[in-house]
Amino acid sequence: MKKRHVDIVVISDVHLGTYGCHAKELLKYLKSIKPKEVILNGDIIDIWQFKKRYWPKSHMKVIKLIMQWISKGIKVHYIAGNHDELLRKFAGFNMGSLSIVNKVVLELGEEKAWMFHGDVFDVTMQHSKWIARLGAHGYDLLILLNRGVNFFSKKLGRGPVSMSKKIKNSVKSAVKFINNFEQIAADIAIENKYEYVVCGHIHQPEMRTITNDKGSVMYLNSGDWIENLTALEYNNGKWELYTYEEDVLMKDEVDEIFDETAIPEKNELFQNLVKEFQIIGVSETKEKV
């Protein structure tokens with residue numbers, strides 16, 4: 001399969017290390033593109049729910065492919081989210097083409113794009129983190145249950161359903177939260193004279209212009225790789241929302257042999273991060289006991 005050239009790709013909310021993560025589909029997508037710059041906009045690895053006993057090969061291959069990009073000199077900005085907030089203590093760290101940051105402002109010609117994860121707008125995250133963690137585990141369980149439902153739905157010749165999407169769309173408070181989130185992000189971006197504001201966090205892919213009495217801004221959200229399987233792509237001065245399920249060529253693709261020879265396996269940062277995640281997984285287990 002010929003790789004597509006992309007100036008910038010933005011992915012977020014992958015949640016590697018959880019049952020709901022569609023790592024195989026993400027891997028196929030990442031292998032299909034040739035980006036000049038990569039924005040990992042938070043919650044790539046779910047440290048909250050990280051367990052040493054659950055780390056499939058497909059999840060590791062996603063990490064290895066990103067490391068391969070870094071070894072080739074492709075710029076990769078890792079913006080820490082709430083589920084991988086451990087990385088915030090590394091904010092400002094640079095190694096080769098990799099940078100770990102809390103936000104990114106990119107100049108796109110004469111325009112500026114402000115990029116950050118978005119959990120700063122979440123009141124639950126700021127004041128009741130234990131509720132957010134409990135919700136994350138409940139969400140993962142719901143996704144796992146949803147996969148079982150879709151398995152039998154497919155056997156019966158019916159299409160897939162998203163239980164979490166239906167819940168979000170039917171609960172007024174959830175809809176209000178999403179609308180408020182988008183409006184707050186847009187208002188701050190307009191105040192700072194940014195042309196684009198790029199977020200993640202709420203798992204709601206979006207691309208639209210938001211206006212207030214001071215101006216307008218293009219609000220973009222990269223969605224997630226749990227339910228929506230989406231990413232943002234910037235190419236030739238234009239933003240597009242990529243959706244895996246709408247990519248006909250992707251569904252017909254046969255898995256290629258993964259080139260592991262170019263992976264810096266002994267990369268010190270990578271090894272240290274893996275150790276940190278393993279320690280957290282063990283610590284969480286002890287706390288529960």
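**Close-up views of a predicted model**

**View 1. Strands E2 and E3 are paired in parallel.** Strand E2 (residues 33-41) is joined to strand E3 (residues 75-79) by five bridges; strands (E, at least two residues) and helices (H or I, at least four) are DSSP runs numbered from the N terminus, and two strands pair if DSSP finds at least two bridges between them. Leu 40 has Tyr 78 of E3 as its bridge partner. The model is predicted, with local features requiring pLDDT of at least 70 and side-chain atom pairs pLDDT 80 or more, whereas totals for chains, interfaces and linings use all residues. Residues are numbered from 1 along each chain as its sequence is written, and side-chain values use heavy atoms, without hydrogens and water.

**View 2. Seven strands form an open sheet with mixed pairing.** The strand order is E4-E5-E3-E2-E1-E11-E12. Strand E4 (93-95) and strand E12 (238-243) each have a single partner strand, so one side of each lacks a neighbour in the sheet.

**View 3. Tyr 19 and Tyr 54 form a tilted aromatic pair.** Their rings lie 4.2 Å centre to centre, with 45° between the planes; rings of Phe, Tyr and Trp (its six-membered ring) pair if their centres lie within 6.5 Å, and planes under 30 degrees apart count as stacked, over 60 as edge-to-face and the rest as tilted. Tyr 19 lies in the loop between E1 and H1 and Tyr 54 in the loop between E2 and H2, so the pair ties together parts 35 residues apart in sequence.

**View 4. Trp 114 and Tyr 194 form a stacked aromatic pair.** The separation is 5.6 Å centre to centre, with 25° between the planes. Both Trp 114 and Tyr 194 are buried (under 20% relative accessible area, with exposed over 50% and partly exposed in between; 1.4 Å probe, protein chains only).
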